[in-house]
Amino acid sequence: MEKNTNLCVDLKTVMQQDVLLAKGHTYRGCLTRNGEDHYLFEEAVRLDRHGKRNPKLFDGEYISLVHMQNGRYQVHMRTIDASSGIDRNELAFRVYSELLNAFNIMD
């Protein structure tokens with residue numbers, strides 16, 4: 001393993017709950033270099049599976065957003081209970097609203 005120190009870099013963080021990184025706290029997520037001295041850290045949603053390769057960045061009622069190892073994002077849709085009697089237009093609007101919230105994380 002090579003160790004390297006990058007000085008004077010801009011780090012943008014997308015956190016689930018904390019506003020600032022807490023001292024001594026370990027965060028799970030993805031660190032991406034998106035420029036010469038620009039980095040983006042996106043915190044994963046939950047810690048349910050050890051060694052998870054593609055962390056969830058958004059976990060909603062209808063969809064979840066995953067950051068893939070190749071740098072792309074993938075949206076997963078949950079199964080829908082057709083017997084719930086929800087109006088199709090209402091369901092589509094709820095999914096659309098969650099999708100917008102998930103896309104705001106990708107910024």
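A salt bridge is a side-chain nitrogen of Lys or Arg within 4 Å of a carboxyl oxygen of Asp or Glu. Keep that rule at hand for this tour. The model is predicted, so local features need pLDDT of at least 70 and side-chain atom pairs count only at pLDDT 80 or more, while totals for chains, interfaces and linings use all residues. Residues are numbered from 1 along each chain as its sequence is written, and side-chain values use heavy atoms, with hydrogens and water left out.

**Whole chain**

The protein chain has one helix and six strands. Helices (H or I, at least four residues) and strands (E, at least two) are DSSP runs, numbered from the N terminus. From that end, the order is β-β-β-β-β-β-α.

Along its principal axes it spans about 55 × 30 × 25 Å. The radius of gyration of the protein chain is 17 Å, whereas a compact globule of 107 residues would have one near 13 Å. That radius is taken over C-alpha atoms, and the globule rule is 2.2 Å times the number of residues to the power 0.38.

Now show the surface. The protein chain exposes about 8500 Å², and carbon and sulfur atoms supply 50% of it. Accessible areas come from the Shrake-Rupley method with a 1.4 Å probe; for residues, only the protein chains shown count as cover. Of the 107 residues, 25% count as buried. Buried means under 20% relative accessible area, exposed over 50%, and partly exposed in between (1.4 Å probe, protein chains only).

**Stop 1: Glu42**

Select Glu42, in strand 3 (residues 38-43). Which side chain of opposite charge is nearest to Glu42? It is Lys12, 8.2 Å away. Glu42 is buried yet has no salt bridge. For charges, Lys and Arg count as positive and Asp and Glu as negative; His and the chain ends are not counted.

Look for polar contacts instead. Such a contact is a pair of N or O atoms within 3.5 Å; within protein, one must be able to donate a hydrogen and the other to accept it, and residues adjacent in sequence count only if both atoms are side-chain atoms. The Glu42 side chain makes one with the side chain of Tyr73, at 2.6 Å. It makes another with the side chain of His67, at 3.2 Å.

Leaving aside neighbours within four places in sequence, Glu42 touches residues including Val14, Arg28, Cys30, Leu57 and Ile105.

**Stop 2: His67**

His67 counts as buried because its relative accessibility is 4%. Beyond four places in sequence, its contacts include Thr32, Asn54, Pro55 and Arg72. Tyr73 is also among them.

**Stop 3: Tyr27**

Go back to Glu42, then pick Tyr27. The two are 15 residues apart in sequence and 9.4 Å apart in space, C-alpha to C-alpha. Tyr27 lies in the loop between strand 1 (10-14) and strand 2 (29-33). Why does Tyr27 count as buried? Its relative accessibility is 15%. The side chain of Tyr27 reaches the backbone nitrogen of Ala22 at 2.9 Å.

**Stop 4: the salt bridges**

How many salt bridges does the rule give? The count comes to four.

Select Lys56, Asp59 and Arg78 together. They are linked in a network of salt bridges. Lys56 sits in strand 4 (residues 56-59). The side chains of Lys56 and Asp59 meet at 3.9 Å, N to O. Arg78 bridges to Asp59, with the closest N and O atoms 2.1 Å apart. That pair links distant parts of the chain: Arg78 is in the loop between strand 6 (73-77) and helix 1 (88-105), and Asp59 is in strand 4, 19 residues apart.

Check the cover on each. Lys56 is buried, at 15% relative accessible area. Asp59 is partly exposed at 28%. Arg78 is partly exposed at 32%.

Then move to Arg33 and Glu36. They form a salt bridge, the closest N and O atoms being 3.8 Å apart. Both Arg33 and Glu36 are exposed.

**Last stop: Cys8**

Finish in the segment before strand 1, at Cys8. Most residues other than glycine have a negative phi. Cys8 has a positive one, near 55°. Cys8 is exposed, with a relative accessible area of 76%.

Key. Contact means heavy atoms within 4.5 Å.
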